[in-house]
Amino acid sequence: MNKQFYITTAIDYVNGQPHLGHAYEKIITDVIARSQCCLGSESFYLTGLDEHGQKVQQAAEDNGQNAQDYCNNLAEDWQAFATKLGLSNGDFVRTTEERHKTVVAEILQGLYDKGEFYQKEYVGFYSAKQESFLTEKDRNDNGEFDPIYGEVQELRENNYYFKLGQYQQWLIEHIEANPNFVAPDNRRNEVLGFLKNENLEDLCISRPKERLSWGIPLPFDSDYVTYVWFDALTNYLSIPRAIGRESELWPADIHVIGKDILKFHAVYWPIMLRAANLEIPKQILVHGWWQKDNQKMSKSTGNVVDPVAVIDEWGLDAFRYYVVRELDIGPDGNWTDEGFAARYGAELANGLGNLINRSLSMLGRYRDGVVPEAHDELAHDATEARDKLVEQLRANELQAGLMTIWSYIARLNQYVDETAPFKMAKDPNQAKRLGEVLYNLTESCRLLAVWLQPYLPTTSHRIMEQLNLPKDIINIAQSGWGELTAGQKVNKPEALFPRRDK
Ligand code: MSP
C-alpha cells in the first residue's frame with residue numbers, strides 16, 4: 001500500500017479552554033498538511049485530546065464533576081475549536097476512547113512480555129503538576145524545587161519501570177545518522193547534548209490506582225493505571241491502527257510539538273517504539289512559545305489571547321495569516337494587538353485585498369469582466385516566485401513562503417502603479433496594451449489564489465469565486481502561468497479584508 005503523508009499535533013490536556021499556543025500549533029500543522037495536498041501527496045492530519053492523568057482528574061474534582069463527564073463537556077469545546085480554526089484534520093483522538101485504550105494495552109502487554117519492564121519501590125519526591133518523579137538534580141541552588149513543579153509530595157510506592165538506558169546509544173546514533181529527525185537544529189543539539197551528557201534513568205510507567213484512578217489500567221496488573229505520557233504518546237499510533245490504516249500511515253512523517261515537550265517526543269517515544277519493534281517517526285518538528293506583550297500568558301493575570309475572540313472580530317484567515325507570518329517555526333514569539341492590526345491593515349487589506357479588488361474592478365470596468373488575450377509580461381516573475389514557494393513549502397518554511405507570496409504582491413501593486421491602466425483606459429490607442437496589463441493582473445490573481453490554498457483556504461476560495469473558477473485543489477507546483485483563458489467572464493469583486501480604522 002502507498003505511504004500517505006501523516007502529520008500530528010500534540011494532544012492537549014482537557015483542563016481548560018484553548019488559547020493562542022494551542023491554536024498556533026494546530027494552524028502550522030494544518031498549513032503543512034494542506035501544502036502536501038497541494039503538492040501532490042494525500043495527507044492525514046491527526047489532532048485531539050489528552051484526557052487521563054492527575055491534572056485532568058484534579059480539574060474535574062475542582063469542578064465537582066466526575067472525570068469522564070468533565071472530559072466529555074470540554075471535548076465538545078475543543079472539537080468546535082478545531083472547526084473554528086478551519087483545520088483539515090482527518091480524525092480527532094480522545095484518549096478515553098476504547099479504540100485508543102485497546103492499542104495502549106496491546107503495546108504495554110507486548111513490552112511486558114518482552115521483559116522491558118520491571119517492578120521496584122520508589123522513595124522520593126513527586127510533582128503532580130508535571131506528573132513526574134523528581135530527583136536531587138531538580139532542586140535549585142537554594143535546595144528547593146522550582147515553582148514549575150507546583151506542590152511536591154514525598155512518596156514511597158511500588159511501580160513498574162521501563163528500561164530506557166539500553167537504547168540510549170542506539171538513539172544517539174539514530175539522531176546523528178538522521179539530521180532531520182529533530183528540527184530545527186538547535187532542538188536537535190539540545191537532545192543530543194542531553195543524551196550524551198546524562199545517563200537515561202528508567203521511566204516509571206505506572207501509577208498505583210489508590211493514588212490515581214483516572215487512567216488506562218495496566219493489562220498485566222490491575223492495581224495500576226498507565227503513566228499518562230505513555231498513554232498520550234501512543235495516540236499517534238493507536239488511531240492509524242484502530243482505523244485500519246497503520247500500513248499506509250505509519251511511521252508518521254511529522255509530529256509537530258512545542259519546545260516544552262521535546263524530551264517526551266525525541267527520547268521516550270522513539271525508545272518506546274524501538275522496544276516494541278515498530279518504526280519511529282521521521283521528524284519531530286519543534287515550535288517555540290508565544291507570549292503576549294512580552295509576558296507569559298496567564299489566566300490569573302488576564303494576559304491571554306483568546307483565538308476565538310480574535311477570529312470573531314477579524315476573520316479566520318486574518319488570524320491564520322498573522323500567526324504564521326509573525327512567527328517562524330522554532331523561536332519564541334510575541335503577540336501584540338497593535339502588531340496584529342498593523343499587519344492586517346498593511347499586508348491583508350492594503351496588500352492582498354486591495355490588489356485583487358483593483359485588478360478585478362478594472363477588468364470589470366474596462367472589459368466588462370471578460371479576460372483578454374493571454375500575455376506573459378509577468379510570467380517570469382510569477383514562475384520564479386512559485387518555484388521558490390514550492391521549495392519553501394517542501395522544507396516547511398512556512399513564514400518564508402508567505403514572504404515570497406507577499407513579495408510578488410508588492411511587485412504587482414508596483415506594476416499597477418507603473419502601468420497606470422486607469423490612464424490608458426482614457427486613450428483608445430492604448431486599448432491593446434490595456435488588455436495585456438489586465439491579463440497579467442488577472443492571471444496573477446489566479447496564481448495568488450493557488451498559492452494561498454494551504455495558508456488561507458477561505459480567501460483562496462473567495463478569489464477563485466470572484467474569478468468564476470472552480471474551487472478544486474490545484475497542484476501548486478504544476479499550475480503555471482497562462483492557464484487563465486481569454487473570454488473567461490469574472491464576477492464582481494468583493495472586499496476580502498475590509499479596512500478597519502482602529
Ligand atoms: N498533553 C500534553 C501533550 C501530549 S502529546 C502526546 C501537553 N498538553 S498541553 O495542552 O499542555 O500543550 C499542548 C501543546 O501546546 C504543546 O505542544 C505545547 O507546547 C503547546 N503550547 C502550550 N502553550 C503554548 C504557548 N504559549 N505557545 C505555543 N505553544 C504552546 O503538553
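This is a predicted model: local features need pLDDT of at least 70, side-chain atom pairs count only at pLDDT 80 or more; totals for chains, interfaces and linings use all residues.
Strand β7 covers residues 152-162 and is joined to β9 by 2 bridges. The two strands β7 and β9 run antiparallel. Across from Phe-162 stands Leu-203 of β9.

Another open sheet contains 3 strands, ordered β10-β12-β11, and is likewise described by antiparallel pairing. Here β10 (206-208) and β11 (217-218) are the edge strands, each with pairing on one side only. Between β10 and β12, the latter spanning residues 221-226, there are 3 bridges in the antiparallel sense. Arg-207 stands opposite Val-225 of β12. Strands of a sheet pair through hydrogen bonds of the backbone, in either a parallel or an antiparallel way.

Parallel pairing is found around strand β14. Strand β8, residues 182-183, pairs with β14 in the parallel sense over 2 bridges. Val-182 faces Ile-284 of β14 in this pairing. Strand β13, residues 254-258, also runs parallel to β14, and 4 bridges join the two. The bridge partner of Ile-257 in β14 is Val-286. From β13 the chain passes through helix α10, residues 262-275, to reach β14. This β-α-β crossover is right-handed. Strand β14 itself comprises residues 284-287 and is covered on both faces. Ile-284 and Val-286 are buried on one side. Leu-285 and His-287 are buried on the other.

At least two residues of the shell come from each of β2 (12-13), α1 (20-37), α7 (228-233) and β13. The shell has 23 residues, and those that come nearest are Ile-11, Glu-25, Asp-50, Gly-258 and Asp-260. For Tyr-13, a backbone N or O atom lies 3.2 Å from an oxygen atom of the ligand. For His-22, a polar side-chain atom lies 3.4 Å from a ligand oxygen atom. For Trp-289, an N or O atom of the side chain is 3.1 Å from an oxygen atom of the ligand. On its own, the ligand has 660 Å² of accessible area, and the protein covers 93% of this.

Helix α2 spans residues 54-62. Its buried residues are Gln-54, Val-56, Gln-57, Ala-59 and Ala-60. They pack against β3 (43-50), α3 (67-84), β5 (117-127) and β7. An α-helix has 3.6 residues a turn, so residues three or four places apart point the same way. After α2 comes Gly-64, with a positive phi near 65 degrees. Beyond its neighbours within four places in sequence, Ala-59 is in contact with Asn-15 and Tyr-70. Ala-59 and Ile-107 are 48 residues apart along the chain, and their C-alpha atoms are separated by 28 Å.

Two further buried residues were examined. Trp-335 lies in strand β16, residues 333-335. Its relative accessible area is 1%, and therefore Trp-335 is buried. Leaving aside neighbours within four places in sequence, the contacts of Trp-335 include Leu-20, Trp-290, Gln-291, Val-305, Phe-319, Tyr-322 and Phe-340. The side chain of Trp-335 also makes a polar contact of 2.8 Å with the side chain of Asp-337. From C-alpha to C-alpha, Trp-335 and Tyr-13 are 23 Å apart in space, and 322 residues separate them in sequence.

Gln-488 lies in the segment after α18, a helix of residues 457-466. Its relative accessibility is 17%, so Gln-488 counts as buried.

Terms used
Residues are numbered from 1 along each chain as its sequence is written. Side-chain values use heavy atoms; hydrogens and water are left out. Two strands pair if DSSP finds at least two bridges between them. Buried means under 20% relative accessible area, exposed over 50%, partly exposed in between (1.4 Å probe, protein chains only). A crossover is right-handed if, with the strands pointing away from the viewer, the path from the first strand over the helix to the second runs clockwise. Contact means heavy atoms within 4.5 Å. A residue is near a molecule or strand if one of its heavy atoms lies within 4 Å of it. A polar contact is a pair of N or O atoms within 3.5 Å; within protein, one must be able to donate a hydrogen and the other to accept it, and residues adjacent in sequence count only if both atoms are side-chain atoms. Accessible areas come from the Shrake-Rupley method with a 1.4 Å probe; for residues, only the protein chains shown count as cover.
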